[in-house]
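I opened the notebook to look up a few things in this structure. My notes follow in the order I took them.

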Amino acid sequence: MTRNTAPTPGFDQQLRDALRPGAAPDDLRRSLLRAAGKRRSRWTWPALGIAALLMVLLGGGTWGWMVHGRGQEGPRLGRAAIQMFREAPRMAFTAEASGPDSGEQGRRWSAQAAGFSAALPKCLAGQAMKGGCVCDMEACRAVCYYLQDGRAIYVFDRTLRGLPFDSDQPRRIAAEGHRAQAWNENGRAYVLVEPPGWGGQG
């Protein structure tokens, strides 16, 4: 007597069938989703709060640093003017003794060479100058006039933050044995640099 039996699949086939992915049981899937929802709700708001706080702190620190840096613009560029004076750049303009007064010559020259008319401040009106040069500063331009008495006056194309608007009470700056006085006047910033040992008025 013969029995009709289906052939038994081989071991490899049985193993493949056992390892074939299938749908997760419904109760397991629901419990996993509930656990994930609880974890997300428990950590999402604190994590967002921490991230927002970090952004405020970093942004506030950057803003504070920028405001502080802008407030120090005048003294910083005043020290840069002293450094340029020490390096003694070559004059691009020389005042002619036979021409109009040197201040007028400087204004004409600066309008063409620097793009703005750099007049001497009121406290130096009529002061004789040797000549001058154009200086590219940080985020602005300046004209440097070398005066006959050994000093130099830097005339900036705009006012500088951190400087007073009173030439009688200028910001005093010292660096590398040199002294400078800096102030804003009539829409311009001025830095008057004195060499070491200069004994004139200041």
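**Entry 1: a glutamate and its partners**

Leaving aside neighbours within four places in sequence, which residues is glutamate 73 in contact with? I found Arg158, Thr159, Leu160 and Arg161. I note that this is a predicted model.

I then looked for a polar contact. The side chain of glutamate 73 makes one with the side chain of arginine 158, at 2.7 Å.

Is glutamate 73 buried or exposed? I read a relative accessibility of 4%, so glutamate 73 counts as buried, the cut-off being under 20%.

**Entry 2: the helix that holds it**

Glutamate 73 sits in helix H3. I checked the length of H3 next. This helix covers residues 73-87, which is 15 residues.

Which residues of H3 are buried? I listed Glu73, Gly74, Pro75, Leu77, Gly78, Ala81, Ile82 and Phe85.

I also looked at what comes after the helix. Alanine 88 follows H3, and its phi is positive, near 50 degrees.

**Entry 3: the whole chain**

I stepped back to the protein chain. I counted four helices and seven strands. Along the sequence they run α-α-α-β-α-β-β-β-β-β-β.

The chain has 202 residues, and 31% of them are buried. It exposes about 13,300 Å², with carbon and sulfur atoms supplying 56% of that area.

I asked how far apart in sequence the contacting residues lie. Among contacts with a separation of 6 or more, 55% join residues 24 or more positions apart.

**Entry 4: nonpolar cores**

In soluble globular proteins, nonpolar side chains tend to be buried together. I went looking for such groups here.

The largest nonpolar core has 23 residues. Those with the most contacts inside it are Met137, Cys144, Tyr154, Phe156, Leu160, Val191 and Val193. H3 gives two or more residues to this core, and so do strands S2 (129-137), S3 (140-147), S4 (152-156), S5 (171-175), S6 (178-185) and S7 (188-194). Another core, of 17 residues, lies apart from it; Ala114, Leu120, Met129 and Leu192 are among its members.

What does phenylalanine 156 touch, not counting residues up to four places away in sequence? I wrote down Leu77, Phe116, Met137, Cys140, Arg141, Ala142, Arg188, Ala189 and Val191. Leu77 is also on my list of buried H3 residues.

Terms used. Residues are numbered from 1 along each chain as its sequence is written. This is a predicted model: local features need pLDDT of at least 70, side-chain atom pairs count only at pLDDT 80 or more; totals for chains, interfaces and linings use all residues. Side-chain values use heavy atoms; hydrogens and water are left out. The expected span of a helix is 1.5 Å times one less than its number of residues. Buried means under 20% relative accessible area, exposed over 50%, partly exposed in between (1.4 Å probe, protein chains only). A polar contact is a pair of N or O atoms within 3.5 Å; within protein, one must be able to donate a hydrogen and the other to accept it, and residues adjacent in sequence count only if both atoms are side-chain atoms. Contact means heavy atoms within 4.5 Å. Accessible areas come from the Shrake-Rupley method with a 1.4 Å probe; for residues, only the protein chains shown count as cover. A nonpolar core is a set of buried Ala, Val, Leu, Ile, Met, Phe, Trp, Tyr and Cys residues joined through side-chain atoms within 4.5 Å.
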